[in-house]
Amino acid sequence: MKGVAILGATGSIGTSALAVLDQHPERFRAVALTAHRNGPALQVLAARYRPALAVVADGEVPSGAGDGTTAWRAGREALLEAATHPDADIVLNALVGAAGLEPTLAALRAGKRVALANKESLVCAGPLVLAAAERGGGELVPVDSEHSAILQCLAGARAGDVRRLLLTASGGPFRELPPERLAHVTPGDALRHPTWAMGAKVTIDSATLANKALEVIEAHFLFGVPYERIEAVVHPQSIVHSMVEMVDGSVLAQMGFPTMEIPILYALAYPERLPYDTRRFDPVAAGALTFEPVRTERFPAFALGVQAGLTGGTAPAVFNAANEVAVAEFLAGRAPFPGIAAAIGHALSAWSGGPAASLDDVLHADAWARRTTTEYLSRQAPC
Ligand code: NDP
């Protein structure tokens, strides 16, 4: 029986993770559950799963919460308490944005397996995250479906076997929209993802393809593959979750109908496979599988993010923070859709650069990018 701390239990990945736990109560139990501000939703989950700890990261413990089983806490420190809980063997990090970084570092330093949905942790501070795992004895296992696919394709591969990683991207809801109409799309349009139901931030990232750039950087650190051997390809059906090309020319792909429950289960059970009751794959129902190049002129955020990865140091943290701010402004109706990439481009070109040698370096770059992007967007004409 493994104890699982779920950071971000009230979100999309958190909810899918609890569905996975429901199918394997003999293998996994929730020992800590956290929310950002949604105390009432967390209260419902705590009553059902009876974790040892429930945390509201930014807000108050709901009145009437707490019983003999669950200790309730509030605040950032309490989030780190959940990430390092002594009963947790696995910490599923399903937080959104750079807010996930410190919990990832804390869990790895405490020797936990981190089932990582929060790709932003690796993007902001890849080298620090890998160093924390090495020093603390922790382990990173990806939850992102693309990286889970790659991990599965790499089973049995030796160092030197891999020629290229091919990440698939759905292309989002605007893949075929005439570019001149992008300035007029609404948050509602952008939130209608064609193949995946996800939280708001990652859904917008999928519409701009900033998500795919975050994933290229994530793959670089997770699998130690140089950027020039990681490519993205648009695959609108989201059936092939990613591919690995070997040096002999063989290409391995991992496939299935889109669901996050399978990669979550794999990250929890890895390297074991556990039975799971979900919609069985039917290649005939899946239909034709098509692939297209990523059109960077339509999705400039993708190219900016990959370039930030290549630049290295604190550039990926600046890319990530500028993107987070711009996405929030777009969702609030204060910035147009193309303003997201424009704001990222502005922040990256204004940033002086520097190494990401410490957490302070990363947090400084993150704070600078947030200020710069907020100022930049406030100077633009209202949409
Ligand atoms: P959601 O917005 O659905 O859920 C986020 C969860 O984290 C909620 O529990 C939320 O609490 C909590 N949270 C948000 N911000 C903070 C913060 N600053 N501090 C503490 N807690 C916070 O997000 P998703 O589940 O969609 O995504 C989570 C991560 O997984 C992201 O990094 C995303 O890119 C990645 N991912 C998601 C996929 C998906 O299918 N959803 C697929 C692949 C990757 P509250 O409910 O109180 O707001």
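Glutamate 245 is buried, with a relative accessible area of 9% (buried means under 20% relative accessible area, exposed over 50%, and partly exposed in between, with a 1.4 Å probe and protein chains only). The model is predicted: local features need pLDDT of at least 70, side-chain atom pairs count only at pLDDT 80 or more, and totals for chains, interfaces and linings use all residues. Residues are numbered from 1 along each chain as its sequence is written, and side-chain values use heavy atoms, with hydrogens and water left out.

**Exercise 1.** Describe the surroundings of strand 10 and state which strands pair with strand 10.

*Solution.* 
1. Strand 10 covers residues 240-246; strands (E, at least two residues) and helices (H or I, at least four) are DSSP runs, numbered from the N terminus.
2. Of its 7 residues, 7 are buried, so strand 10 is largely enclosed by the rest of the structure.
3. Strand 8 (residues 162-169) pairs with strand 10 in the antiparallel sense over 5 bridges; pairing requires that DSSP finds at least two bridges between two strands.
4. Strand 11 also pairs with strand 10 in the antiparallel sense, over 5 bridges. These two strands form a hairpin with 4 residues between them, and glycine 249 in the turn has a positive phi of about 95°.
5. Valine 240 has methionine 255 of strand 11 as its bridge partner.

**Exercise 2.** Explain why the salt bridge between arginine 164 and glutamate 245 ties together parts that are apart in sequence.

*Solution.* 
1. The side chains of arginine 164 and glutamate 245 meet at 2.6 Å, N to O. A salt bridge is a side-chain nitrogen of Lys or Arg within 4 Å of a carboxyl oxygen of Asp or Glu.
2. Because arginine 164 lies in strand 8 and glutamate 245 in strand 10, the pair ties together parts that are 81 residues apart in sequence.
3. Arginine 164 stands opposite glutamate 245.
4. Arginine 164 is partly exposed, at 24% relative accessible area, whereas glutamate 245 is buried.

**Exercise 3.** Which elements does the salt bridge of arginine 113 and glutamate 139 link, and is each residue buried or partly exposed?

*Solution.* 
1. The side chains of arginine 113 and glutamate 139 meet in a salt bridge of 2.9 Å, N to O.
2. Arginine 113 belongs to strand 6 (residues 113-116) and glutamate 139 to strand 7 (residues 139-142); the pair links distant parts of the chain, 26 residues apart.
3. Arginine 113 is buried at 13% relative accessibility, and glutamate 139 is partly exposed at 31%.
4. For the structure as a whole, the count comes to 21 salt bridges. Lys119, Asp144, Glu146, Lys212 and Glu215 are linked in a network of such bridges.
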